[in-house]
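Reader: I would like to work through this entry feature by feature. Please give the rule each time, then the case.

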Amino acid sequence: MIPSHRLPPAVSPSPKLIACHDCDLLQREAPLPAAGAAICWRCGAVLYRSNPGSVERTLALTVAAAILLAISNVFPIVAIESQGQRNVSTLFGAVLSLWNDGLMPVAALVFMTTILIPAVELGMMIVLLASSRPPPRLLRLLLAIRPWAMVEIFMLGLLVSIQKLAHLATIIPGVALWSFGALMLVFAALTATFNVHELWHNMARQSVVSDG
Amino acid sequence: MAERSAAELGLYACRVCAMIARPTAASAGDSCPRCGAWLNRRAPHSIARTWALLCAAAILYVPANLLPVMETASLFGKQQDTIMSGVIYLWASGSWPLAALVFFASIVVPAGKLILLGLLAASVQWRAQWLPYERTRLYRLVEFVGRWSMLDIYVVTLLAGLVRLQSLATIKVGPGAVAFGAVVVMTMLASMAFDPRLIWDNLKDDRGHRPE
């Protein structure tokens, strides 16, 4: 918790001041213990966290997630067997058959939220975390597309649909089913370790150095 | 009240990177010196945009629930499923945890989002004073849970993509899925359009004046 001060209007804005993104309350930034979080004094929003070594850890998790995403899209999710007929499907195949059935909006929505945006998000994160001078605009774009990557929800949808199919046919789990499960866990872990506040701070420091 | 918001001091707090800019250095419509985002004290026309998107979502909510999201054709005839009948099917087949999950994600969350966001927008429009802390927490809940209604879109996509056993059974996605997907996207955009800082702007201080 950060104590809030009444700040006279003359106080000049500095990197030490922070405004809550949910209630706009001005507060003074304070150093945090490792693995701590600063909470807004007024509305309880998380202002920033501290997790030392987050850049390296998040980068490692992001590379792992990119590999898992590739595997998940190349290999079939499940094979279905019913009375001698066999049907093998990948996620992209499911999207494609939806498109061919004339349901373009739904096909596009599924393609964007489960394949395209997660892939773009991971690519952007690798660039942001690995480069010595990450472009601020890229981080802004990343924050804008993040809510639309829905791997974890897709995984749950996969479980529900398998449960529904279990009554109709024999289901043989494919490689992508396991890799999607792993991807969901890695995605959750990298979302937890990714420290946006720290990245913005590094960018601010770099621009001061290059200006001076 | 010993607290001041950035806007009350005439400062601009960047919505994306939380950088604080002085009015001498920036004015409304400028871009943030750090990340290049559009600087505004409050999201422009936040309430009007929230209402517009909520109205669109409420209209689409009707076909989303009445039209079939899934059409199953098998040797035993044709069957059409709406969102609700899909939940009932899961319940009847004995998978109660999944039925509860789908009921929550597809029925409770979209309806709850429409009602709660409408309530929040109305409370800001009427300059309500009550429970700002709770209303902010409610907003954060709506934003966090909202994405999960995409679940059913994934379920019908996967079922349609996986079940293509020509002679035995085919599952097609129905027109209700287009409307349902649109409801999810519209309500997500509506919650992004809502600026929770407006909740706090309307608060009067102890003497009944707006702090200025």
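Reader: In what order do the elements of chain A run from the N terminus on?

Author: First, the ground rules. This is a predicted model: local features need pLDDT of at least 70, side-chain atom pairs count only at pLDDT 80 or more, and totals for chains, interfaces and linings use all residues. Residues are numbered from 1 along each chain as its sequence is written, while chains are lettered from A and ligands numbered from 1 in the order in which they are written. Helices (H or I, at least four residues) and strands (E, at least two) are DSSP runs, numbered from the N terminus. Chain A reads β-β-β-β-α-β-β-α-α-α-α-β-α-α. That gives seven helices and seven strands.

Reader: Which strands form the open sheet of three, and in what order?

Author: Two strands pair if DSSP finds at least two bridges between them. Here the order is E6-E5-E7 in chain A, with antiparallel pairing. Strands E6 (85-89) and E7 (170-173) of chain A are the edges, each pairing on one side only. On average, neighbouring strands of this sheet are turned by 20° against each other, direction ignored; the axes are lines fitted to C-alpha atoms.

Reader: How many bridges join E5 to E6 in chain A?

Author: Five bridges link strand E5 (residues 78-82) of chain A to E6(A), and the two run antiparallel. A:Glu81 faces A:Arg86 in E6(A).

Reader: Why does A:Leu59 count as partly exposed?

Author: Count C-beta atoms, placed from the backbone, within 10 Å of the residue's own: 20 or more others means buried, 12 or fewer exposed, in between partly exposed. A:Leu59 counts as partly exposed because it has 18 C-beta neighbours inside 10 Å. A:Leu59 sits in helix H1 (residues 54-74) of chain A. Of the 212 residues of chain A, 36% count as buried.

Reader: What does A:Leu59 contact, leaving aside its neighbours within four places in sequence?

Author: A contact needs C-beta atoms, placed from the backbone, within 7 Å. A:Leu59 is in contact with A:Ile126, A:Leu129 and A:Ala130, those neighbours left aside.

Reader: How many residues does each chain give to the contact between A and B?

Author: Chain B gives 56 residues and chain A gives 57. On the side of chain B that touches chain A, the largest share, 10 residues, comes from helix H5 (151-162) of chain B.

Key:
Axes are lines fitted to C-alpha atoms, for helices over the stretch in contact, and angles run from 0 to 180 degrees between N-to-C directions. Two residues are in contact if their C-beta atoms, placed from the backbone, lie within 7 Å.
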